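Please look over the sequence and the model below before reading on.

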Amino acid sequence: MLRAGLIGFPSTGKTTLFRLMTSARDQGRSPHHGKLDAHVGVSRVPDDRLDRLTALFNPRRRVPATVEFADVAGTAQAGAKDLLDVAPFRNADALLHVVRLFRDEHVAHAAGSIDASRDARAMEDELMLADLLVVERRLERLTKDLKKTPSAELHREEELLAAARGCLEAGRPLRSLSLAPDDLRRLRGFQFLSGKPLLLVLNLDEGEIASIDTAVASAGLSAFVEAGGARAVAVCAKIELEIAELDEQDRRAFLADLGLRESGLDRVIQASYDLLGYISFFTVGEDECRAWSIPRNTHAQVAAGEIHTDIARGFIRAEVVSYDQLVARGSLAACRDHGEVRLEGKDYIVQDGDVINFRFAT
Ligand SMILES: Nc1nc2c(ncn2[C@@H]2O[C@H](COP(=O)(O)OP(=O)(O)O)[C@@H](O)[C@H]2O)c(=O)[nH]1
Ligand SMILES: [Mg+2]
C-alpha cells in the first residue's frame, strides 16, 4: 500500500484535500503538548479495470487498492524537522506538498501573498535543512565510532553521508542523488525527507478550474519540478470537496459542467502512482475481485508477499493472464483454451494489469 504525507504551510488546504481524498472528518483534535500529531485516513483507488472484472466474475466482494494519507492534526504548524518525529510522515513513501494558489481574503496567508514558486522552494529548503541536521549528527558519531572500531561498512556509510552533505549544501534535494541499490539500502533507515518522492499539489481558485491542466506551467513551476525530480498536479480542493459530497448523479453533472474529466481524487491518486511508478495487478474469483498496488519491476514472489507472506514463502508458480486478454475472451476458461494463461516463476516481473493466481505450498 502506498503511504503519502500531506505537508505545507498553514492554511494552504491540506486538511481540505485530506477530506477530499479520504472522506474523513477532521476531528479538530489539538495535539497534546504542542507536539505534532497526525491524522491518518485511507482512500480507495478508483479503477475501471476492477469494475470490469467485478462485472465479469460477480464476486461476493470487490476490494480496491488503497492509499493511506497522513495530515497534520488540528491547527499545529510545525517545521519540516518535526515531521521526522511522526511515524506516518517519517515512513511515508511520498510527500505531497499542498501549495496555495487560491485567493481568499478571509483565509490568512502565512507569507502574505500568493507565490507558488517561492513556497515550493521554501518547503524544499526546510526539508533539506532537516536532512542536513540528521546527516551532520550521524557524521559526528561515525567519526568517533570509526576511530574506535574501524570497519568497511561504517567507512562506506561515512562516504555516503559526506556525499549527502555535499548534495544538500549545494542546495539540491537528496532525491537527486543517484545511488546504487546497496547504498540506497544503507541510507534507507534515515528516511530523509528531501529524498522522498515529492508531488506538488497546487490548490487553485474555484475560478481557475477550467485551466486545471495548464496550472503547473502557469504557476511558473515547470523548472522547479524538473530540477528537483518532483511532479505536480492541480486541484480546487474546496469546491472539489463540495462536489465529492454530492450523490453520484449530481457529482457527474457538476464535473461535466465544470469541464472536468476526472475528480480531484482520481487526479491526485493517478499523479501519486505515476510519481512512484506504481502499477496494479488483480486477483479474481467468485469470492473476491481485488486490485493490488506494487512498484514497477516487482518480481512475482515479492508481489505474492503483498497478499500474504505465506504465499510468498510457499511460492510455486504464478498463473498469469493479462487484463486485456481476459476481458476480450470473457472468462479464464476461454483464455486457457487459447493458451493465454501463462505459468510464470518467482522471478517473473509483474506487469500492469496482470490477473494472477498464485499457486503455493503451505
Ligand atoms: N477559497 C478557497 N478556500 C479554500 C480552498 N482550500 C481550502 N480553503 C479554505 O482555507 C482554510 C484553510 O484550509 P485547511 O484545509 O484547513 O488548510 P490547512 O491549514 O493547510 O490544513 C479553510 O477555511 C478552507 O475552507 C480553496 O481551494 N479555495
Ligand atoms: Mg490542517
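This is a predicted model: local features need pLDDT of at least 70, side-chain atom pairs count only at pLDDT 80 or more; totals for chains, interfaces and linings use all residues.

In general, strands of a sheet pair through backbone hydrogen bonds, and the pairing is either parallel or antiparallel.

The pair of β1 and β4 belongs to an open sheet of six strands. Read across the sheet, the order is β2-β4-β1-β5-β6-β7. β1 therefore has β4 on one side and β5 on the other in this order. The pairing in the sheet as a whole is mixed. At the edges are β2, residues 38–44, and β7, residues 231–235, each of which pairs on one side only. From one strand to the next, the twist averages 25 degrees.

The chain as a whole is divided into three parts. Domain 1 is made of two stretches, 2–114 and 196–276. Domain 2 takes up 123–194, and domain 3 takes up 297–360. Between the C-alpha centres of domain 2 and domain 3 there are 39 Å.

The next topic is ligand 1. Around it are 15 residues, of which Ser11, Lys14, Thr15, Thr16 and Asn203 come nearest. By type, the shell around ligand 1 holds four nonpolar, seven polar and four charged residues.

Which atoms make polar contacts with the ligand? An oxygen atom of ligand 1 lies 3.1 Å from a polar backbone atom of Gly13. On the side-chain part, a nitrogen atom of ligand 1 is 3.3 Å from an N or O atom of Asp104. A nitrogen atom of ligand 1 is also 3.2 Å from an N or O atom in the side chain of Glu206. Taken alone, ligand 1 exposes 580 Å², and the protein buries 79% of that area.

Two helices, α1 (14–22) and α10 (237–244), are the elements that give two or more residues to the shell around ligand 1. The largest share, three residues, comes from α1.

Definitions and conventions
Residues are numbered from 1 along each chain as its sequence is written. Chains are lettered from A and ligands numbered from 1 in the order in which they are written. Side-chain values use heavy atoms; hydrogens and water are left out. Domain bounds come from an automatic or database domain assignment. Two strands pair if DSSP finds at least two bridges between them. Helices (H or I, at least four residues) and strands (E, at least two) are DSSP runs, numbered from the N terminus. Axes are lines fitted to C-alpha atoms, for helices over the stretch in contact, and angles run from 0 to 180 degrees between N-to-C directions. A residue is near a molecule or strand if one of its heavy atoms lies within 4 Å of it. A polar contact is a pair of N or O atoms within 3.5 Å; within protein, one must be able to donate a hydrogen and the other to accept it, and residues adjacent in sequence count only if both atoms are side-chain atoms. Accessible areas come from the Shrake-Rupley method with a 1.4 Å probe; for residues, only the protein chains shown count as cover. Ala, Val, Leu, Ile, Met, Phe, Trp, Tyr, Cys and Pro count as nonpolar, Asp, Glu, Lys and Arg as charged, and the others, Gly among them, as polar.
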